[in-house]
Amino acid sequence: MEENPTLESEAWGSSRGWLAPQEARGGPSLSSVLNELPSAATLRYRGPGVLPWGALEEEEEDGGRSRKAFTEVTQTELQDPHPSRELPWPMQARRAHRQRNASRDQVVYGSGTKTDQWARLLRRSKEKTKEGLRSLQPWAWTLKRIGGQFGAGTESYFSLLRFLLLLNVLASVLMACMTLLPTWLGGAPPGPPGPNISSPCGFYNPHSQGLVTFATQLFNLLSGEGYLEWSPLFYGFYPPRPRLAVTYLCWAFAVGLICLLLILHRSVSGLKQTLLAESEALTSYSHRVFSAWDFGLCGDVHVRLRQRIILYELKVELEETVVRRQAAVRTLGQQARVWLVRVLLNLLVVALLGAAFYGVYWATGCTVELQEMPLVQELPLLKLGVNYLPSIFIAGVNFVLPPVFKLIAPLEGYTRSRQIVFILLRTVFLRLASLVVLLFSLWNQITCGGDSEAEDCKTCGYNYKQLPCWETVLGQEMYKLLLFDLLTVLAVALLIQFPRKLLCGLCPGALGRLAGTQEFQVPDEVLGLIYAQTVVWVGSFFCPLLPLLNTVKFLLLFYLKKLTLFSTCSPAARTFRASAANFFFPLVLLLGLAISSVPLLYSIFLIPPSKLCGPFRGQSSIWAQIPESISSLPETTQNFLFFLGTQAFAVPLLLISSILMAYTVALANSYGRLISELKRQRETEAQNKVFLARRAVALTSTKPAL
């Protein structure tokens, strides 16, 4: 019975506690044992010069060895070529490391091989370029403030608005360089064809005759007719010059390609965050508690903002966990009832969408008939209302149905993030499909319902009697949609949101509670942005200055929404995961780009261009200008360009793409198997630790008995 304390003392270091001098122990010290554990890697997070776990100052010999060993590890870490800001150290240790590297680099910079020097120079140049681009991002502090006060979901709206502003600025710069500049360098553009010019397609004179009143001027400004119809704003203004026609068409394709690449880049970066959040690879709570804090923050304002951001993220996780637990304990009957409710609600949504689409088609078809009535022609205000009838109907549908979708979503029993996704899907389908219905009705008018043998379309290939310059008419419709959308946003902010805030603040009683506090509705606002950008993509070919107008609109919209947010809105009672927004918003934007490309490509390849306006007048199709321009190039260039369109180039390109895709898929599968194996190893290690902890508890509990 006397051997047991001795054995225990030898095993644990001493009978009094954890630590004892090495001479009193028969084996290695506890600090050396702890240093061999994988958990000793956490010492790096304490910075250089920190004693190992379990070491005491009075342990001279053993502590000296531990400090010596740890000093060697520290020196090895100090020689790490990574920048100081990437090291997991406190700020004081980072600053000392930076100063030490600065003095060392002055001596070592000239040493080493040429490859090492160029690699070091390239790495530093890349870091400085990233820092410069990061510093050029506008409204960075404003977005941080919004994220800290209203959550990451609201911040994602303003981030998307900033991204769309960048796309429109790039499109405007390309338009100025490839369209406006060649137009003015080639000489003054000719005016519209007069009534004396004989043409089988009639005549086209957009200018108003006689004295123009102020009401007519205002009508022309809002509808894009009159003096604006023959201006750089619309397609018909640009003269039929071969080089200008080529640059005009190349500008449209270049803008679409740049937008596609930038949206794909943004979607992929958001997809990584979404997959990581949905796969539960990280324990959400511990990850945010131990890894979400930025120790480089300075100032109370930044600290409070970061605290609020972490608070919102934890609220999202807790809310979604509650919904998942409720779904996990449902019985079979409860699950069947939930699915029945979902089916009925989706049938209701389909019926509402069908009624909305029929209304848009009816409003667009009746516009032409109403414009020909004598009463409408006599009253400018009534004529303006008739011209805006499709836009008014689309805006009314988009104003009424999204709140209905918002009321339906909580009844389906999904998590908050999933509810946001379904609301977005239904709302984006409503907005984009209503735009598609509008374009279909316009196509029906332009092509006489697709009947090329019809009386109005047989001569010129399009309805030249009602639409002598159909490209400009299509651009005017997109111009009116953009302008009406801006006026709607201003009216809602000035006539609804601000008075509601005043009513809620001045009337604390029942009337104030009835008004209620306002929350920033992220799905509706995001879909408004995507709808406006889709309108610009559809109409930019027929209204080249539309991206520039949209840039101005988005600038006004940013400051207006910021003022509305901080003045009239309160933080949302229910938040949603920002990672889902960062992926889903660009995905919906990509859908808008795909939808907008369909009518544009159809117009370029199939519908004959107008014979009396535009840079492609006289051609059988808009695309016919490209082969005609290629025929004027040298023969070698022609052969190369025509080779790109043959099967001899397409088949090898397809094979190479298939091989690269198969390699990428195989590589992704191998990485997936490796990740699964590492997860299994992690689970095994966790089980081993639990087993060892239980054995330690069991040995401790049997000590008195021994």
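Reply:

**The cysteine link in its setting**

The UniProt record, an unreviewed entry, places the feature "transmembrane region" at residues 163–185, 245–264, 339–363, 388–408, 420–443, 583–607 and 649–672. The model described here is a predicted one, and two of those spans can be described from its coordinates. Residues 163–185 are 100% helix and 0% strand, with end C-alpha atoms 32 Å apart, while residues 339–363 are likewise 100% helix and 0% strand, with 36 Å between the end C-alpha atoms.

Turning to the link itself, the count comes to one disulfide, and this disulfide joins C469 to C613, with a distance of 1.9 Å from S to S. The pair links distant parts of the chain, for C469 lies in the loop between α16 (416–446) and α17 (470–506), whereas C613 lies in the loop between α21 (578–605) and α22 (625–630), and the two are 144 residues apart. In general terms, a disulfide is a covalent bond between the sulfur atoms of two cysteines. The link of C469 and C613 is right-handed, with 95 degrees about the S-S bond.

Are the two partners buried or exposed? C469 has a relative accessible area of 2%, and because this is under 20%, C469 counts as buried. C613 is buried too, at 0% relative accessibility.

Elsewhere in the chain, the structure holds three cavities of 30 Å³ or more, and the largest cavity has a volume of about 50 Å³. The residues that line the largest cavity are L167, N168, A171, V255, Q533, V536, W537, S540 and P547. Among the elements that contribute, α7 (152–185) and α19 (522–539) each supply at least two residues of this lining. Sorted by class, the lining of the largest cavity has six nonpolar residues, three polar residues and no charged ones.

R342 has its place in helix α12 (residues 332–371), and R342 counts as buried because its relative accessibility is 7%, which is under 20%. R342 and L411 are 69 residues apart in sequence, yet their C-alpha atoms are 8.0 Å apart in space.

In helix α8 (residues 214–223), F219, N220 and S223 are buried. Seen down the axis of α8, these buried residues fall within an arc of 100 degrees, so they line one face of the helix. An α-helix has 3.6 residues a turn, so residues three or four places apart point the same way. After α8 comes G224, which has a positive phi, near 80 degrees. W139 also has a positive phi, of about 60 degrees, although W139 is not a glycine. W139 has its place in the loop between α5 (114–136) and α6 (140–150), and because its relative accessible area of 16% is under 20%, W139 counts as buried.

Key:
Residues numbered from 1 in each chain as written. Predicted model: local features only at pLDDT ≥ 70, side-chain atom pairs only at ≥ 80, totals over all residues. Heavy atoms only, no water. 1 Å grid on protein atoms, 1.4 Å probe; cavity = no way out; pocket = protein on both sides within 12 Å on 5 of 7 lines; lining within 4 Å. Points joined across faces, edges and corners; volume = space filled by probe spheres on them. Helix = DSSP H or I, 4+ residues; strand = E, 2+ residues; numbered from the N terminus. Nonpolar A, V, L, I, M, F, W, Y, C, P; charged D, E, K, R; others polar. Disulfide = S-S within 2.5 Å. Buried < 20%, exposed > 50% of the residue type's maximum accessible area, 1.4 Å probe, protein only. UniProt positions renumbered as here; feature names shortened; annotations may be inferred. Arc of directions from axis to C-beta.
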